[in-house]
Amino acid sequence: MELVIQYLFVGLVLIGGAMAALSRHVLYNIIGLGISLFGLACLFLQLGSPFVAAMQLLIYLGGITVAIVFAMMLSVAMTLDPLTRTPVKTGFAGVAVLIFGLGVYGLITSTTFATAPLAASEAWAVGRIGSALLEHYNLVFETLSVVLLLAIIGAILIARSEREGGESA
Amino acid sequence: MTDSLSLILATTFAPFGAFVLAILLLMRQPRVAQLIVIAGGALSLAGAVSLLANGPVDPLRYLWFVSGDIQLRFGFILDGLSLMFGVAVALITLCVMVYSLGYMGHDPDKTRYFAMLALFEWAMLSFVYAVDLLQSFIFWELVGLASFFLIGFWYEKPSATAAAKKAFLMTRVGDVGLFIGVLMVLQVAGHFDIPALLAVDNGLVQQAAPATLTAITLLIFVGIVGKSAQFPLHTWLPDAMEGPTPVSALLHSATMVAAGVYLMARLHPLFMGSETTLGIILIIASITTLLAATMAMVATDIKRVLAFSSISQLGFMLLGLAAGSLFAGVFHLITHALFKALLFLCSGLFIHHFETNEMEQIGRAGGRRLRFATAGLLVGGAALAGIPPLGGFFSKEEIFAALGHDGVTLFSVVALLAAFLTAYYTFRMIFLVTRPAQIETEETHAHAEHGRAEPWSMALPVALLVVGAAIAGFWGEQIAAGLGIDMGHHTLASMAPALAVVAVGVLLAWVDFGRQGAARTGFIARVPALERLFTNGWYVDAFYDAVIVRITTLVATLMHAIEVKFIDGNFDRLGRGVLGLGSGSTRIQNGWVQFYGGWAVILVGVAAVYFSMGG
Amino acid sequence: MSLESLLLLSLVLFCLGLFAALSHRNLIAVLIGIELMMNAASLNLMAFNRFSVTDPTTGQVFVLIIIGLAAAEVAIFLSIILNLYRTHRTIDAEELTELHG
């Protein structure tokens, strides 16, 4: 039973990824992204971290995907006619990806990874993540918040500059 | 010894110093430059005369450098031959320099002219007095260089530069032979020292095998053929008349072309050691003498007549030398130098006054009204034709005697025929200038009535040479003594054929040109084919043009095509290829970010593959 | 699930995202590809977190940070797209070639 569910999740991820990569219309790409992210969240859950899974759903699916949809809708005028991909570029991208994929595949198969036993369930508690964020990884946490602030300010600035009539840098 | 050394150094290097001064310092002051050069010439003459007065001394030798067991020396040989000829050269050069004061007076480039004259005198005198064969060769070449500069003096005229090139190239062809001969001497004898080569007991004649000696002397003769304008390398000399007339007087009659004859005289014992070479020289000299004389018969330009005459007379000298008489050749060399220079300078007087070289025009414009020039022309012409008691008669007599030594031979007949033709064309020239069909009496009347038509600078040398040409014949005994040869005696009977031949020549010239109502076309005009043959120089020049010049031009064009299309073209293609490669490579930068990203991914992938292979 | 299969899955996901990023003309599709790649990295991290470390806290924190940064990046990306549309009237990756050589 567990195996079936596992394959379901993997399938979601792969189908979503395929839709995101291969579809022609942007909306299908976005939907594919959403499906893939959902599948990933489920995988995270299965890998033992419900908190991360929840965060993935919340932020990615709830925030980022919606933002992308909004952006797509705002530029809907030029996406009504789907931009066809040029074969040259597609072929070139395919070749690049293939080479890359084969290379890393070789790396993966040829490396022996260190293994460790599964930690106790107390180690997986959410509280542990919280304390880690506030104690050990405090700097990273704060820096992330600063980055987010800067991103917001920057986004506003970039999006505003045209309206004031001034030339963007 | 040091006395001789300082004299010889003064003699040979005074003109060099004048040359350096003229070139470096005095280009802007022509008058001072001219005087400096003339002073150099005078100093040279004084030195040469003092040396002659001191009499022959042992040669002076100085070591130049040593290479292995070969020692190269330079130095001076001061025997009768070099002393006498040195004086002749210095004297004629000084006369020409003074004459040039007047002749080149209005030329803006006269400093360069005088400087080149000084260079020439240095080279020529150093050649005359050289003791080492290599030294002679070096100055032989320098003389050719000076000749090149002087023939092409008016370099804006394309004909002048072409003539200078032609002269230089043709003499160069001869010089190749000379150089090979000189090197062969080194190979056989191990040194270049001339007195040692000529020594009776262990000279080159003894050291070399007969075939080798013949080869060496023949090769040296090739150089003489080039420098002294003998057949087949004679065509440069008529063209060399593009240079100023004093240059023609100095280089191309008296001194430079005589250098070849002088070299043969200097190395006479070597030539006498090879019968084959002597025979070949006799043949070539005979051909040259007759050929040039025929061409002189139909020439209309006064300088060309004299040029052909020089070629012919040089052949005459070589005939004398090759017949075995050193004295005959050298005697005629000296007398010829004097009267040929005189003839050229007189022709220069006519040219300067009437501004044309054509004899008929000079005659019609009243040539004989220039009495001084006419007198000089008469004296010189008579000497050239061989009329006694002028110089040419005695020297030619010696040559006839040498050729007829073993009875009448083909060559003595040739010599007599040449003497006949010489008399004929000489007096043709004189009559055309002095006794034209009619004289147009406009401007020259005014000129001649002013008394002296020529400046003193031009008249003085001419007068000096007139005296010299007249009395040179009587110096025969001294010249022979200087050479260490017994002159011998000539009977009236032996002189008869020469006299007869000369008389016939003058008479024929009178009939054709001199008497009133004469046709003034020459007896050759009755055979138009012959006349055309002579006028075109027996088509030798045409042959050279058709064969050698054309072939060389073809090869040069081919080489140029190869250079441009192949060598240069390939370099251009290389450059263009690199440019193309560059511009092609820029097409990768098409601005598509995704391309750039793709390339980065490929590279990472390649690295991953590499590392996964255990690299 | 074994570590290797998870790694392979994340590789496939990464390649899909890479292909999307390199071959689409629409900039938004490129953004989607980038997001996919980031998620593949997260999956990688979570896999190692499960199988190869003793203390699993670090991996989760790492993934959380990645998710946050992805959010920030998307915000910037989208505002750039809006700006580009205003100035160039297109969001076609092949039209935006001012950096070409």
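**Entry 1: chain C against chain B**

I began with salt bridges between chain C and chain B, and the count is 0. For this I took a salt bridge as a side-chain nitrogen of Lys or Arg within 4 Å of a carboxyl oxygen of Asp or Glu. The model is a predicted one, so I kept in mind that local features need pLDDT of at least 70, that side-chain atom pairs count only at pLDDT 80 or more, and that totals for chains, interfaces and linings use all residues. Residues are numbered from 1 along each chain as its sequence is written, chains are lettered from A and ligands numbered from 1 in the order in which they are written, and side-chain values use heavy atoms, with hydrogens and water left out.

How many residues does each chain bring to the contact? I noted 13 residues from chain C and 10 residues from chain B, with contact meaning heavy atoms within 4.5 Å. The two chains bury about 800 Å² between them, and 60% of that is on carbon and sulfur atoms. Buried area here is the accessible area (1.4 Å probe) that two parts lose on being put together, summed over both.

**Entry 2: salt bridges elsewhere**

Searching the whole structure, I found 8 salt bridges over all chains. One of them pairs the side chains of C:D55 and A:R128, at 3.6 Å from N to O. C:D55 is in the loop between helix 2 (27-51) and helix 3 (57-88) of chain C, while A:R128 is in helix 6 (residues 126-136) of chain A, so this pair joins two chains. The helices are DSSP runs (H or I, at least four residues), as strands are (E, at least two), numbered from the N terminus.

My cut-offs were under 20% relative accessible area for buried, over 50% for exposed, and partly exposed in between (1.4 Å probe, protein chains only).

Next I turned to B:R172. Its closest N to O approach to B:E141 is 3.1 Å, in a salt bridge. B:R172 belongs to helix 6 (residues 158-189) of chain B and B:E141 to helix 5 (residues 133-151) of chain B, so the pair ties together parts 31 residues apart in sequence. B:R172 also meets B:D175 in a salt bridge, at 3.8 Å from N to O. These two are 3 residues apart in helix 6 of chain B, about one helical turn. I wrote down B:E141, B:R172 and B:D175 as a linked network of salt bridges.

Which of the three are buried, and which partly exposed? B:R172 is partly exposed at 35%, whereas B:E141 is buried at 16% and B:D175 is buried at 3%.

**Entry 3: aromatic rings**

I counted 27 aromatic pairs over all chains. Rings of Phe, Tyr and Trp (its six-membered ring) pair if their centres lie within 6.5 Å; planes under 30 degrees apart count as stacked, over 60 as edge-to-face and the rest as tilted. The B:Y113 and B:F114 rings have centres 5.5 Å apart and planes at 85°, so I logged the pair as edge-to-face. Both of these residues are buried.

The B:F427 and B:F431 rings have centres 5.9 Å apart and planes at 50°, so this pair is tilted. Both sit in helix 20 (residues 410-434) of chain B, 4 residues apart, which is about one turn of the helix. B:F427 is buried at 9%, and B:F431 at 10% counts as buried.

I also noted one aromatic cluster, formed by B:F13, B:F16, B:F19, B:W122 and B:F139.

**Entry 4: charges over rings**

Here a charge sits over a ring if NZ of Lys or CZ of Arg is within 6 Å of the ring centre and within 35 degrees of the ring normal. In chain B, the charged end of B:K396 sits over the ring of B:F316, 5.4 Å from its centre. In chain C, the charged end of C:R50 sits over the ring of C:F51, 5.1 Å from its centre.

**Entry 5: chain A overall**

Last, I looked up chain A, with 7 helices and 0 strands. Buried residues are 36% of its 169 residues.
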